[in-house]
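Hi,

Here is the structure I promised to pass on.

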Amino acid sequence: MDLKKLVFDIVNCSWQGNIKEISCNGLYVKYNGEEAVIGGSTVPAKVRAYMLLAKGISEGKTEFEVTQSASFDECGVMLDVSFGCPLKVSSIKKYLEYMAAFGMNLLMLYTEDMYEVEGYPHFGYMRGRYSVSELREVDDYAASLGIEVVPCMQTFGHLGKFLRYSAHANIAENVTVLLPGEEETYKFIEACIKTCRQAFRSKRIHIGCDETRGLGLGKTFARSGSCDRAGIFKIFNEHVAQVTEICKKYDFHPMMWSDMYFSIAAPGKGTYDTEIEVPQYAIDSMPDADMVFWDYYHEDNDFYRINIEAHKKFNRKCIFAGGIWTWNGFVPNFRYTYDTVKPALEECLRGGVKSVFGTAWAYSDINHMQALFCLAMYSEYCWRGLDCTRDDINSVGEFVSKTSFELTEAISDFFCGLVGDFNIGKLVLFSDPLINLLCYDYDLPAYEKCFAHSLEIFEKYPNAPYIDYYKALFRAALSKVRLQQTLRDNYKAGNRAWLSDFADVTVPGMVSEFKALSVLFDELWHNDQKTFGFEKTANDFAAAIARIEYAGRQGKRYINGEISEIEELEQEPLRGEKQQFLPVERVMNTLA
């Protein structure tokens, strides 16, 4: 593979001087204006060296020398292709190229039920599942770039999309969790692991086992009548032990999410906490699997430091998974990603954690290619260590992704400065015009300012990637948040002229904006992703447009005297209630 051409094509560098490649530890770049020396101990190191060469040349430097060593043995991304956003194979390969340009060497491919399994036709049915040949193509291409692809599956919880079919009720503990201790359960798991062995060359596999909510409280409880903490730990470890043995049979060493050890130990405390003590008997009976400590939410160093120390008590390899905030809403939250990644990776460096990756989840309304800037938040801590600065991240992130830091900040304002799980932009976008369920403690005038300011910033970057989509998204959200502040007040004030203008001008304008956005979303989706999963957001857009049109018709009926009142607007809003983590369905209708 021509690594220079690969990188120079990505970053649009056309320099044609002589390049000498050498062997070295880490990476090395030297440039004198006419020729260059490039070195890298691995393929990703060498690809990153070419990226740094192109960056220096593009910045107009006439002479420079760079030496870097990786602080992490493994640094990469968990790319979610299961939560309704299945990337095309060609898009995954393009993503791998960007990863290599940043100097990353690990792709965790999170699939849940998104791959074919012999004997289980419902597994991934109508969800865009990957064939073994597709997965092999991804794995082969990654190997050519020096990137290990680790299959990431689920062997306990998070299987609701498969277990919803009654044909598999016999292996269901509840609607999302597999039934432990059942022979047919392990027959199914072995079939899944066998497929992974056929598709991937890695000797490692991620078996999931996180958030197994209701474990021991479904069929297991019906059989045993017991659900104390020690009993649940026993069930959990015995199940993981059986899965681990299956992994060994297929020459895999497993890793697993670690959260259940902490959740079982302290119910109600949250996934992780700074004061949870996992019982020694649970630690002693834990099978031979690496532990993946994940957290996407905290912004203080102490949280990560304390939990890294807690993981060391297990005497297992500890891997850290932070967030790349691609989930829960149409655009990445670059700001919240940085605020949580910075303290996490600092404490990983101080605590001796050698394997890290960012999890890029996708909930049916995001394109992973929009979040390439976030990869720099991981790569630069890997290659610069504790000396890494925000300027280092911005400089590399802007160069490779072609998205400026100022633009990432404006995009992040779709979340209006709130924590990542709370996407006010998405809630505003899909909120119902008449049944206003956004009337709790939300500061709608502040959100209006956020959206308007971002639109001003977008005008400065007419050639930025996805800029037309961002403009359309924020315009639609801005129109909706303005409507939520004015419609009911004008109705209650009897402002018939305003209502007439609303029905004749505002509604057609909003419908036009939403239709334009839905078309851009459609194009963006199908450029990079399989068609499955698109229907979810397509239905949401259709519902939003239908309700805007209905609001206009109701306005006309009221003005024309066909109805004496608009019933929805007669309801007095209930204010003061906090609704931080509100699903979109809850603002679209009253039955969700």
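Predicted model: local features only at pLDDT ≥ 70, side-chain atom pairs only at ≥ 80, totals over all residues.

Residues are numbered from 1 along each chain as its sequence is written, and side-chain values use heavy atoms, without hydrogens and water.

The largest pocket has a volume of about 740 Å³. (On a 1 Å grid over the protein atoms alone, a pocket is an open set of points where a 1.4 Å probe fits, with protein on both sides within 12 Å along at least five of seven lines; lining residues have an atom within 4 Å of a point. The volume is the space filled by probe spheres set on the points, which are joined across faces, edges and corners.) Its lining counts 35 residues, with Glu-211, Arg-213, Asp-259, Thr-271 and Trp-294 nearest the centre. Helix 8 (229–249) and helix 9 (259–265) are the elements that give two or more residues to that lining; helix 9 gives the most, with 4 residues. (Helices are DSSP runs of H or I, at least four residues, and strands are runs of E, at least two, numbered from the N terminus.)

Now to strand 2 (residues 27–31). Strand 2 pairs in the antiparallel sense with strand 3 (residues 35–40) over 5 bridges, and Lys-30 has Val-37 as its bridge partner there. Strand 2 also pairs with strand 4 (residues 64–68), again antiparallel and over 5 bridges. (Pairing takes at least two DSSP bridges between two strands.)

Best wishes
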